[in-house]
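Please keep the sequence and the structure in view as you read.

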Amino acid sequence: MIQRAIVVLSLCLAGCAPLSSLTRAPDGILHDELFAAPAEPIDTKQVFALSDPMKAYLRDELASQQFKGGRQALIDAVSQGQLRLEYDSVTTRNAAEAFDAKAGNCLSLVIMTAAFAKALGLDVQYNAAAGGDLWSRSGNIYFLNGHVNVTLGRRSTEPSRIMLYDSAELLTIDFLPGSEIRRLHSTPVGENTILAMYMNNRAAEALVRGRLDDAYWLAREAIRQNAEFWAAYNTLGVIYLRRGNPEMAETVFRRVLRSDPADTRALANLALTLGRLGREADARAVDEQLARAEGDAPFHYFHAGLAAMEAGDFKTARGLFAKEVRRAPEYHEFHFWLGLAELRLGNVNEARSEFSLALEASTTPHDHDLYAAKLARLSSYRR
């Protein structure tokens with residue numbers, strides 16, 4: 001059993017559960033007494049709040065383009081103007097942080113765009129977009145990433161005491177290319193779910209940095225925003241596991257599975273938890289259930305490829321990394337390691353191609369610089 005903890009992360013989006021009657025966290029799930037206060041107050045009002053520079057931009061830039069209409073001015077600014085963000089998956093930013101950094105992930109873009117749209121009086125609709133699982137990792141924490149985008153409406157010009165919106169005039173803003181957007185299946189979600197995603201992302205980021213107290217309070221706030229957002233429960237369970245409370249983690253993961261018995265993230269985390277508790281037979285049973293539901297686990301061939309590289313079997317490693325590339329062609333790390341295997345086999349052109357694909361798919365400045373440096377070194381490489 002691979003010792004991995006899985007967190008569902010809204011680098012674009014984490015999955016959403018259908019609505020039911022649950023309005024607060026189930027009893028026995030939260031344990032505030034185990035955690036010190038967060039380093040900074042958690043204030044959901046700050047997520048969409050406009051900073052002074054944002055207000056100035058709204059007044060001086062967007063207002064000056066009112067001849068286009070507020071919505072079109074905002075769309076132009078996001079797609080090609082000052083508000084266009086560089087993609088960065090390391091940090092989920094609130095509206096003001098994204099505006100200041102000019103960088104963020106899909107969720108950051110949605111939050112910043114929505115903040116401006118609401119200030120312009122536009123209708124805002126948030127969408128959860130499902131288009132297949134996308135995995136990433138940081139150390140031994142694995143993340144399942146999904147997608148989110150935002151749709152802006154335009155007020156109808158028909159006179160009415162009730163504000164109307166023409167559904168034919170809705171326009172969706174998204175980071176993805178149009179061909180990929182068309183393959184997505186989108187479901188509208190409320191702003192409370194967007195806030196839950198934001199808090200869950202920040203919790204996961206704190207978890208990666210080892211800030212367990214902060215991670216707990218952020219995950220707790222995600223659950224408070226939407227008690228049916230099961231991704232936050234997965235994060236909470238991993239936090240308990242990292243804090244050394246596997247019994248509490250088991251309670252959380254089993255609660256998720258009562259709602260959705262096919263939740264493979266909860267199954268994987270539960271198997272890991274049962275192993276930590278020394279209940280090996282139970283862990284194997286859950287692993288078998290997971291294998292039936294999931295097939296080969298995410299990163300299965302990747303880890304086998306790393307082992308083959310360490311053993312000096314570069315041909316086998318190349319085949320294993322190629323398998324991961326085929327099932328997740330958009331993940332940069334698979335291309336990078338496939339390129340390394342090709343380089344070890346003396347296939348410089350193939351290595352250059354894979355490093356180029358890794359560079360194109362990179363999601364952080366660090367990874368971008370790493371792959372760019374590798375490509376630069378290859379330009380003077382001789383077999």
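In this predicted model, the axes of helix H13 (residues 314-327) and helix H14 (residues 332-344) come within 9 Å and cross at roughly 155°; axes here are lines fitted to C-alpha atoms over the stretch in contact, with angles running from 0 to 180 degrees between N-to-C directions. H13 is therefore roughly antiparallel to H14, a label that applies to angles over 145 degrees. Residues are numbered from 1 along each chain as its sequence is written. Local features need pLDDT of at least 70 and side-chain atom pairs count only at pLDDT 80 or more, while totals for chains, interfaces and linings use all residues, and side-chain values use heavy atoms, with hydrogens and water left out.

**Packing of H13 and H14**

- Helices are DSSP runs (H or I, at least four residues) numbered from the N terminus, and the crossing of H13 and H14 is left-handed, meaning that the near helix is turned anticlockwise from the far one by less than a right angle.
- The H13 residues that meet H14 include Phe 314, Phe 321 and Val 325, and among their counterparts in H14 are Phe 334, Trp 337 and Leu 338, where contact means heavy atoms within 4.5 Å.
- The contact is made up of eight nonpolar, one polar and four charged residues; Ala, Val, Leu, Ile, Met, Phe, Trp, Tyr, Cys and Pro count as nonpolar, Asp, Glu, Lys and Arg as charged, and the others, Gly among them, as polar.

**Salt bridges within helices**

- The whole structure holds 12 salt bridges, each being a side-chain nitrogen of Lys or Arg within 4 Å of a carboxyl oxygen of Asp or Glu.
- In one of them Glu 221 pairs with Arg 224, with the closest N and O atoms 2.9 Å apart, and because these residues lie three apart in helix H7 (residues 212-225), they are separated by about one helical turn.
- Glu 221 is buried at 11% relative accessible area, whereas Arg 224 is exposed at 53% (buried means under 20%, exposed over 50%, and partly exposed in between, with a 1.4 Å probe and protein chains only).
- Glu 250 and Arg 254 also form a salt bridge, at 2.9 Å from N to O, and they stand four residues apart in helix H9 (residues 246-259), about one helical turn.
- Glu 250 is buried at 12%, while Arg 254 is partly exposed at 34%.

**A network and a buried pair**

- Salt bridges with shared partners link Glu 250, Arg 254, Arg 279 and Asp 282 into one network.
- Asp 263 and Arg 265 form a salt bridge with their closest N and O atoms 3.8 Å apart, and both residues are buried.

Key
Helix = DSSP H or I, 4+ residues; strand = E, 2+ residues; numbered from the N terminus. Parallel < 35°, antiparallel > 145°, perpendicular 65-115°, else oblique.
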